[in-house]
Amino acid sequence: MMDIIKYTEDHEWILVEGDIATIGITDYAQNALGDVVFVELPEVGANYGKGDDASVVESVKAASEVYSPVSGEVVEVNTALDDAPDLVNQSAMDDGWFFKVKMSDPSELEDMMDETAYDELVKGLS
Amino acid sequence: MRYLPLSENDRRDMLSTIGVEAVNDLFCDVPKEALLKAPVDLPEHAGEMDVERYFNALGNLNTAAGHVPFFVGAGAYKHHVPATVDHLIQRGEFLTAYTPYQPEISQGTLQVLFEFQTQVAQLTGMDVANASLYDGSTGTGEAILMANRVTRKKKAIMSGNLHPHYRDVVDTLTRFTDDDVRSLPSTGADSAADLAALEASIDGETSCVVVQNPNVFGELLDLRPLAEKAHENGALLVVVVTEVVSLGAVMSPGEMGADIVVCEGQSIGNGLNFGGPYLGLFATRQKFVRQLPGRICGETADADGKRGYVLTLSTREQHIRREKATSNICTNSGLCALAFSIHLTLLGEAGLRKLARLNHERTLKLRGALEGIPGVKVLNKSFFNELAIELPKASEDVVNALAQKNILAGVPASRLYNNAYTNILLVAATEVVTDGDIQAFVTALEGELS
């Protein structure tokens, strides 16, 4: 099965590998936030519904909620962000991932944007 | 600036905008019997000399703590505050400025708050402290809310020997939240039973246990086993200290495993002040710093590399995080914190230890004297500067009788516990209590009980 990447209107990306979703914020989001100084990660084992507050990203400008875009259980968090929150700026789409969720309802992905649609959204914002 | 009062038309416009007939309709939630029915009955005016004479006469009806033998404690303690403290806090740079936090103009205030935080952290044995909260009781409420955020659990357990006023404030603060805050029944001076009940109450759902040391009956507690039990269950230990001078003599809450420490800081640098303004000290572990409520001052370097002070970690606060802020109280007891810091600096570590020892010695002396009175029983197994004693009659009556003889004998436990513990009296002795005070107390008490 091919890996797929989905996007939300809250500027999160979701990399789907089987029933595991890796979640981060987009390059557009990190750029809008400015230098990230702290990421509060969820706890492994926590259960979230779609849209629940799962994480907080704090920059020199603002602090923002990161919502869990899918329902499920947190199976891994990116502890590298504890000591190097700037990974979110340097590599938002890769090393700067936030947490992984074992999805309980993969159909939630269906309504989400693909890369083309998200690029359109961002273009509309600039 | 001109004062422009509202006209009748202005008022009518505003009332119609919000859809109310009359101003009084805005007070419909206030019980009728609590509303003022007529203007307060006061004379229209009087000359300055008359007013002064009148109020001096009223003031003289008070029995001031500093004028008589004084053994009242139960959360507010009369200590000697050196004149230097009052002199320094009244400097205009400190006294007049309200929330003077802009670093460009407030390096003095910010440096004091930074040093205050350092003192609080050292005193409590914790890593970090904030720039103060209102008082110990609201601080206890904040500690429970913080523990619930940190653990993402809702069930907080308060010791029955936590000062009942603190419990009441916590109940008020959490009445309309979805936090599940429970209070265990008081075990009186039997602190082993209280600790056992607290340990037994902890389960996987528990966010924190809240315990006071010394407790409201004056008993000192070894909290290490409770800390262990809490941590095994993923719960935090919140330790409340109402007599902060005790930290000069007893093991710090941090050393005993506390995760959050709240103190009433009034004892150092601050007078009794009729019950307020007081000073909430609040300290925790480094790893919880993002969940700490209140202002935090930090040390940094300016563009030239020079040391400077700023407010820091502000994203926890209301002006940035709105409803997600760690607290809705976004001020502190700045002047009381300053007084605390100056007094503690004057004392130094050795001075604080000496002061604590002196308090304990005074209380030992008081205990010895009280134990010599037939019918009086000291209930404590351990204590710092306060005792719970049992009298052969209602302590409320004894306190009232002694007050007539200008001796303020202490706090009847029945006042705190809704008429339970009728015969128990809480008595405190700080460094201001003289041998003569103790003698006068004992003589009067013997007279009252014979």
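This briefing describes selected features of chain B, from its domains down to single residues.

The structure is a predicted model, in which local features need pLDDT of at least 70 and side-chain atom pairs count only at pLDDT 80 or more, while totals for chains, interfaces and linings use all residues. Residues are numbered from 1 along each chain as its sequence is written, and chains are lettered from A and ligands numbered from 1 in the order in which they are written. Helices (H or I, at least four residues) and strands (E, at least two) are DSSP runs, numbered from the N terminus.

**Domains**

- Chain B is assigned domain 1 (83–343) and domain 2 (351–449); such bounds come from an automatic or database domain assignment.
- The centres of domain 1 and domain 2 of chain B, taken over C-alpha atoms, are 29 Å apart.
- In chain B, 16 residues of domain 1 are in contact with 21 residues of domain 2; contact means that the C-beta atoms of two residues, placed from the backbone, lie within 7 Å.
- The side of domain 1 of chain B that touches domain 2 of chain B consists of nine nonpolar, five polar and two charged residues. Here Ala, Val, Leu, Ile, Met, Phe, Trp, Tyr, Cys and Pro count as nonpolar, Asp, Glu, Lys and Arg as charged, and the others, Gly among them, as polar.

**Helices α5 and α11**

- Two packed helices are described by the angle between their axes and the distance between the axes.
- In chain B, the axes of α5 (residues 107–124) and α11 (residues 334–371) come within 9 Å and cross at roughly 65°. Axes are lines fitted to C-alpha atoms, for helices over the stretch in contact, and angles run from 0 to 180 degrees between N-to-C directions.
- The crossing of α5(B) and α11(B) is left-handed, a term used if the near helix is turned anticlockwise from the far one by less than a right angle.
- From α5(B), the residues B:V112, B:L113, B:E115, B:F116 and B:Q119 meet B:A337, B:L338, B:F340, B:S341 and B:L344 of α11(B).
- The residues of this contact between α5(B) and α11(B) divide into seven nonpolar, two polar and one charged.

- Strands of a sheet pair through backbone hydrogen bonds, either parallel or antiparallel.
- An open sheet in chain B has four strands in the order β10-β11-β13-β12, with antiparallel pairing. Two strands pair if DSSP finds at least two bridges between them.
- β10 (377–378) and β12 (411–412) of chain B are at the edges and have a single partner strand each, so one side of each has no neighbour in the sheet.
- β12(B) is joined by two bridges to the antiparallel strand β13 (residues 424–428) of chain B, and B:V411 stands opposite B:L426 in β13(B).
- Helix α11(B) lies across β10, β11 (386–390) and β13 of chain B, at about 10° to β11(B).
- Helix α12 (residues 395–404) of chain B lies across β12 and β13 of chain B, at about 45° to β13(B).
- B:Y421, in the loop between α13 (413–416) and β13 of chain B, has a positive phi near 50° although the residue is not glycine.
- B:Y421 counts as buried because 21 other C-beta atoms lie within 10 Å; the cut-off for buried is 20 or more other C-beta atoms within 10 Å, for exposed 12 or fewer, with partly exposed in between, and C-beta atoms are placed from the backbone.

**The β8–β9 hairpin**

- Strands β8 (residues 297–301) and β9 (residues 307–311) of chain B run antiparallel and are joined by five bridges; B:G298 stands opposite B:V310 in β9(B).
- Five residues lie between the two strands of this hairpin, and B:G305 in the turn has a positive phi of about 80°.

- B:N273 lies in the loop between β6 and β7 of chain B, and its phi is positive, near 50°, in a residue other than glycine.
- B:N273 is exposed because 11 C-beta neighbours lie inside 10 Å.
- B:P277 lies in the loop between β6 (260–264) and β7 (280–284) of chain B; the peptide bond from B:G276 to B:P277 is cis, with omega near 5°.
- A cis peptide bond with omega of about -15° joins B:N213 and B:P214; B:P214 lies in the loop between β4 (206–212) and α9 (224–232) of chain B.

- B:G19 follows α1(B) and has a positive phi near 75°.
- B:L36, in the loop between α1 and α2 (48–59) of chain B, is exposed, with 7 other C-beta atoms within 10 Å.
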